[in-house]
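Hi,

Here is the structure I promised to pass along. Have a look, and then read on for my notes.

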Amino acid sequence: MVNWELLTGVSGSVRAINTARVLATIREEGPISRSELIARSGLSKATVSGIVSGLLERDSVRETGKTQPSRGRSRVLLEFNSASMTVIGVQVADDRCQIVRTDLAGSIIDRRDVTVDLNDVAEVTTTLARIIGELADRPGRTVLGVGLGVPGVVDHSGRQVIVALSHNWHDVDLAEDLEHALGLPVTLANRAKVAALGQLVTMPATAATRSGDATSDQPSPRQRTDLVYLYLGSGVVAGIVIGGRLHFGHDGHAGDLGHVMVEPSGPRCVCGTRGCLQALVGREAIVADAGVRTWDELERAVQRGDRAASRAVQRAGDRLGMALGHLVAAVSPSVIAVGGPSVSLGDPLLEAIDGAIRRCAPTAGPLDIVRADEDAPPRGAAMLWLQRAGLLA
Ligand SMILES: [Zn+2]
C-alpha cells in the first residue's frame, strides 16, 4: 500500500483520494498526457487540471516533452518526479560506513564514507548522527527519512539491534537514538538483507533468457523482481527479494543461512553446534582450510593459482552451492548477487559457487551469479526506508 499522503501533501478528503489516484496513474503509466489522465481517472477536466497544477507546484510530477498525434494539437506529457524528495541510506560495514542520499528511485545524489570503530557503539551513533545531519542539511530536496543496514540481529519492527556478537552490541536502540539526534524517522535491518533491495535497483528490469536454454519456451525476457543477495564474510546471510519486495519472514530471520547445518560432523561453530555453513565457509574457515595465516595471504595465493588455496576456495564454493541450491529451489531467483568482504577472492570464488549451484539444483531455471554492486548496501538501506514508509514503487 503506497503512502500517497507523503507524496501528494494532501490529506483527509475526497480531494486527497483523487490526488493520490492521479499521482498513482502518472507514476505507473507516465509519461502520460492530461487528456489520457482524464480518461483513466474518470475525473472531470477541471478536477484533473487543478490536481496536476498542485502536483507540478509541489514538484511531485514534471512536464516532459510532447506527443504529436497524427491529428489535432500536440499534448504535454507528465511523469512522476522521483527527484522531488530524498532519503538517506547508511551501510554499517566492518571497515567503514557508507552514507548516501538518494532520490525516490534509488539514484545516489550525494555520499560520504567514514571509518568508525564498531566496538564503540556510542561513537558509532554520534558519528553517524553528525554525518547524516550534514548530508540532510545540504541544500536540495526534502529528506524524508533514514534507513540503515547494520550488523547482527535486528528486532522485527526495525528499531533495535538485539545482538551483534562480532562487535559486542546488545540491545542497541539505534533508531531511537538517531531519531532523537536528527528529528527524522529512522528504520534498521540487517545489512545483508537491505543490500538485496539496493542490488535490485542496479539490475536492468529484465534479463535476456540464457541462450541454449532448452527448458524455456518463452522468448520474452525474464523479470528482475526476484533475487538473492549473498553476504559472505565471517558470517553468511542472504537477503531475499520476492516480487520486488524484501522478504523478512514472520520473525525477521528469512535468509539467515549462517547457522544452517551442512556437515553434521563438521567443525564446532560459535553458536555451539557443529558443521554450520559459516563455520565451513566463513573467512576464517577458508583461511585455515588453505593452510595460510591471513586473508591477504589467501588472496595472493588464489591469485597465483596456488593449489591448496584454489582447492579451499573450491570446497567453500561447493558447500555454498549445496545450501544455495535449496534456496534457489524454494525462491527461484533470476540472480544471485554475491557481496561482502569475501568477494575480494574474485572470479575463482564466483565460479566455484556458480558450478556448485548448477550441480546441486539441476532443475533450476536460468540464473545469473554476479558480483554485487558496491553501492547496493547503502542504496538498499535508503530503499528499505521507502519500502517501510509505503513509498517503494
Ligand atoms: Zn552456528
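**Charges over rings**

The charged end of Arg27 sits over the ring of Phe80, at 4.7 Å from the ring centre. A second case is Arg283, whose charged end lies over the ring of Trp295, 4.4 Å from its centre. As for aromatic pairs, the count comes to zero. Before you go further, keep in mind that this is a predicted model.

**The zinc site**

Which residues coordinate the zinc ion? The donors are ND1 of His259 and the SG atoms of Cys269, Cys271 and Cys276, at 2.0 to 2.3 Å. The angles among the four donor atoms run from 102 to 124°, and the site is tetrahedral. If you want to find the donors along the chain, look for the spacing H-x9-C-x1-C-x4-C.

Cys276 has 0% relative accessibility, so it counts as buried. Cys269 is at 8%, and therefore counts as buried as well. Cys271, on the other hand, counts as partly exposed because its relative accessibility is 42%.

While on the subject of cysteines: a disulfide is a covalent bond between the sulfur atoms of two cysteines. This structure holds zero disulfides.

- Gly30 and Pro31 are joined by a cis peptide bond, with omega at about -5°. Pro31 belongs to the loop that runs between helix H2 (14-29) and strand E1 (32-33).
- Asp59 is not a glycine, yet has a positive phi of about 75°. You will find Asp59 in the loop between helix H4 (45-58) and strand E2 (61-67). With a relative accessibility of 25%, Asp59 counts as partly exposed.
- Asn168 is not a glycine either, and its phi is positive too, at about 60°. The loop in question lies between strand E9 (161-164) and strand E10 (169-172). Is Asn168 buried or exposed? Asn168 counts as exposed, because its relative accessibility is 60%.

**A five-stranded sheet**

Next, take a look at the open sheet with the strand order E16-E15-E14-E17-E18; its five strands show mixed pairing. Strand E16 (245-246) and strand E18 (368-371) are at the edges with a single partner strand each, so one side of each has no neighbour in the sheet.

In general, strands of a sheet pair through backbone hydrogen bonds, either parallel or antiparallel. How do E14 and E15 pair, parallel or antiparallel? Strand E14 (residues 227-232) and strand E15 (residues 236-242) are antiparallel, with six bridges between them.

**One more loop residue**

Finally, His250. Its place is in the loop between E16 and helix H8 (277-281). His250 counts as exposed because its relative accessibility reaches 74%. How far apart are His250 and Leu350 in space? From C-alpha to C-alpha the distance is 31 Å, and the two residues are 100 apart in sequence.

That's what I have for now.

Cheers

Key. Residues numbered from 1 in each chain as written. Predicted model: local features only at pLDDT ≥ 70, side-chain atom pairs only at ≥ 80, totals over all residues. Heavy atoms only, no water. Donors = N, O, S within 2.8 Å, 3.2 Å for Na, K, Ca; no water. Tetrahedral: all angles 85-135°; square planar, octahedral: opposite > 155°, others 65-115°. Buried < 20%, exposed > 50% of the residue type's maximum accessible area, 1.4 Å probe, protein only. Phe/Tyr/Trp six-rings, centres within 6.5 Å; stacked < 30°, edge-to-face > 60°. Lys NZ or Arg CZ within 6 Å of the ring centre and 35° of its normal. Disulfide = S-S within 2.5 Å. Helix = DSSP H or I, 4+ residues; strand = E, 2+ residues; numbered from the N terminus. Pairing = 2+ DSSP bridges.
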